[in-house]
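This briefing goes through one protein model by topic. Please have the sequence and the structure open while reading.

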Amino acid sequence: MKIIACGSVPTVIAPEKYFTGRVWQTPIIEKEAPARLRAIMVGFEPGARTHWHTHPLGQTLYVVSGAGLAQSWGEPIQAIRAGDVISFAPDEKHWHGAGPKSAMAHIAMQEALDGVHADWLEKVTDEQYGG
């Protein structure tokens, strides 16, 4: 058994090359091979969002607070709220983030394939975000 004490893992501001707006990340777990799981608590200020991206083995989000938006390429934007679970298939191009006027936090869970958890793509434009 391993216990990671609350407060022992620092929260960081997410890099601008993957996010628009102010986003913070607190790692929960990153398992060593042969396991592949990574889980991160991600908080988005109003209007903040990821860039378009994919995950080689898919991704699951659990919204823990607030309300936000998520979209898969070619599909309409969907509202997401605290308590929702969102599942993206492997290599499904998507983005997610806070609503325009509401903060949102979720736990993001994904597995690595050959050490890769995500493939980051272009920014979500203001026009795409606005619907």
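P34 sits in the loop that runs between strand 3 and strand 4. The peptide bond joining A33 and P34 is cis, with omega at about 15 degrees. The model is a predicted one.

**Backbone geometry**

- Most residues other than glycine have a negative phi, and most peptide bonds are trans.
- The bond between A33 and P34 is cis.
- D91 is a residue other than glycine with a positive phi, near 65 degrees.
- The place of D91 is the loop between strand 9 (85–88) and strand 10 (94–98).
- D114 is not a glycine either, and its phi is positive at about 55 degrees.
- D114 belongs to the loop between strand 11 and strand 12.
- With a relative accessible area of 77%, D114 is exposed.

**Salt bridges**

- Side chains of opposite charge can pair when their charged atoms come close.
- There are five salt bridges in the structure, and three of them are described here, formed by E30 with R38, R36 with E111 and R49 with D126.
- In the salt bridge of E30 with R38, the closest N and O atoms are 3.0 Å apart.
- E30 is partly exposed at a relative accessible area of 46%, and R38 is partly exposed at 25%.
- R36 and E111 meet through their side chains in a salt bridge, at 3.9 Å from N to O.
- R36 lies in the loop between strand 3 (23–30) and strand 4, while E111 lies in strand 11, so this pair ties together parts that are 75 residues apart in sequence.
- R36 counts as partly exposed at 38% relative accessibility, and E111 counts as partly exposed at 33%.
- R49 forms a salt bridge with D126, and their closest N and O atoms are 2.7 Å apart.
- Because R49 is in strand 5 (residues 49–50) and D126 is in helix 1 (residues 126–129), the pair ties together parts that are 77 residues apart in sequence.
- R49 is buried, at a relative accessible area of 3%, whereas D126 counts as exposed at 55% relative accessibility.

**Largest pocket**

- The largest pocket holds about 300 Å³ of space.
- Its lining has 19 residues, and those closest to the pocket centre are Q25, R38, I40, Q110 and W120.
- R38 is also the salt-bridge partner of E30.
- Strand 4 (37–44) and strand 11 each give the lining at least two residues.
- Strand 4 supplies the largest share of the lining, namely four residues.
- Sorted by class, the lining has nine nonpolar, nine polar and one charged residues.

**Nonpolar surface patch**

- L37, Y62, V64, V85 and M109 form a nonpolar patch on the surface.
- Together these residues have about 390 Å² of accessible area.
- M109 is part of strand 11 (residues 104–111).
- At 30% relative accessibility, M109 counts as partly exposed.

**H117**

- H117 is located in the loop between strand 11 and strand 12 (119–120).
- Is H117 buried or exposed? At 9% relative accessibility, H117 counts as buried.
- From C-alpha to C-alpha, H117 and K2 are 23 Å apart in space, and they are 115 residues apart in sequence.
- D114 is found in the loop between strand 11 and strand 12, and D114 is exposed, whereas H117 is buried.

How values were computed
Residues are numbered from 1 along each chain as its sequence is written. This is a predicted model: local features need pLDDT of at least 70, side-chain atom pairs count only at pLDDT 80 or more; totals for chains, interfaces and linings use all residues. Side-chain values use heavy atoms; hydrogens and water are left out. Patches are made of residues with over 30% relative accessible area and no salt bridge: like charges are joined within 9 Å, nonpolar side chains (Val, Leu, Ile, Met, Phe, Trp, Tyr) within 5 Å. Accessible areas come from the Shrake-Rupley method with a 1.4 Å probe; for residues, only the protein chains shown count as cover. A salt bridge is a side-chain nitrogen of Lys or Arg within 4 Å of a carboxyl oxygen of Asp or Glu. Buried means under 20% relative accessible area, exposed over 50%, partly exposed in between (1.4 Å probe, protein chains only). On a 1 Å grid over the protein atoms alone, a cavity is a set of points where a 1.4 Å probe fits but cannot get out, and a pocket is an open set with protein on both sides within 12 Å along at least five of seven lines; lining residues have an atom within 4 Å of a point. Grid points are joined across faces, edges and corners, and a volume is the space filled by probe spheres set on the points. Ala, Val, Leu, Ile, Met, Phe, Trp, Tyr, Cys and Pro count as nonpolar, Asp, Glu, Lys and Arg as charged, and the others, Gly among them, as polar.
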